Amino acid sequence: MKRRLYYMLPDVRSARAVLDELLLARVEYRRIHFCAKEGTLLADMPEANSMQKTDIVHGAEVGIVIGAVSGFIAASLFLLFPLETIEARIFGFLVAVLMGAVFGSWLSAKSAATIPNASLAPFRERIERGQVLLIVDVPFDRVAEIEKMMEKNHPEIDFGGVDPHIPILS
């Protein structure tokens, strides 16, 4: 299990120092992300991608549920207007539910890709003023260690909280 930690850093120089320190603490590079005003991050700093910046994952999750329910309703039509054999009915029912889930997930994810991530809302104003948001995913058993390290070595940064729900694909 991983936890997502958020930190507000005063500037890019501080963000660069924190990046180096996290890498020395053996936090994987692919688990560190920065969110800053367009064009302010250095080229070698990992910028948050659309998975972190938008609600695409949440949208896909909601879409799977809505699509599966819609597919279930559509599949129920196979029961009202039965096909020839029981195998064909079951196959048609399962295909309709699966297609509903896939289509709902795809459509909802496409829509959610344009919606900013709700978890980042408290940080948006400060990012626009030039501060940098650090998003780091760490194993559950290292959360306290990373928090202590940041608090001890970087008193200038603000702890932004912990997100216990990290999407599998991020």
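**A close look at helix α1**

Tutor: This is a predicted model, and the part to follow is helix α1, residues 12-24. Its 13 residues reach 18 Å from the first C-alpha to the last, close to the 18 Å expected at 1.5 Å a residue.

Start at the N-terminal end, which Asp-11 caps: a side-chain oxygen of Asp-11 lies 3.4 Å from the backbone nitrogen of Arg-13. After the helix comes Arg-26, with a positive phi near 65°.

Now look at what is hidden. The buried residues of α1 are Val-12, Ser-14, Ala-15, Val-18, Leu-19, Glu-21 and Leu-22. An α-helix has 3.6 residues a turn, so residues three or four places apart point the same way. Keep that in mind when reading the numbers of Ala-15, Val-18, Leu-19 and Leu-22, which are among the buried residues. The cover over the buried residues of α1 includes strands β1 (2-9), β2 (32-35) and β3 (132-139), as well as helix α6 (143-153).

The largest nonpolar core has 24 residues, and Leu-9, Leu-22, Phe-34 and Leu-134 have the most contacts inside it. At least two residues of this core come from each of β1, α1, β2, β3 and α6. Helix α1 gives the most, with five residues.

Leaving aside neighbours within four places in sequence, Leu-22 is in contact with Val-27, Ile-32, Leu-134, Val-136, Ile-146 and Met-149. Apart from this core lies another, of nine residues, including Tyr-6, Met-8, Ala-48 and Phe-123.

Methods: Residues are numbered from 1 along each chain as its sequence is written. This is a predicted model: local features need pLDDT of at least 70, side-chain atom pairs count only at pLDDT 80 or more; totals for chains, interfaces and linings use all residues. Side-chain values use heavy atoms; hydrogens and water are left out. Helices (H or I, at least four residues) and strands (E, at least two) are DSSP runs, numbered from the N terminus. The expected span of a helix is 1.5 Å times one less than its number of residues. Buried means under 20% relative accessible area, exposed over 50%, partly exposed in between (1.4 Å probe, protein chains only). Contact means heavy atoms within 4.5 Å. A polar contact is a pair of N or O atoms within 3.5 Å; within protein, one must be able to donate a hydrogen and the other to accept it, and residues adjacent in sequence count only if both atoms are side-chain atoms. A nonpolar core is a set of buried Ala, Val, Leu, Ile, Met, Phe, Trp, Tyr and Cys residues joined through side-chain atoms within 4.5 Å.
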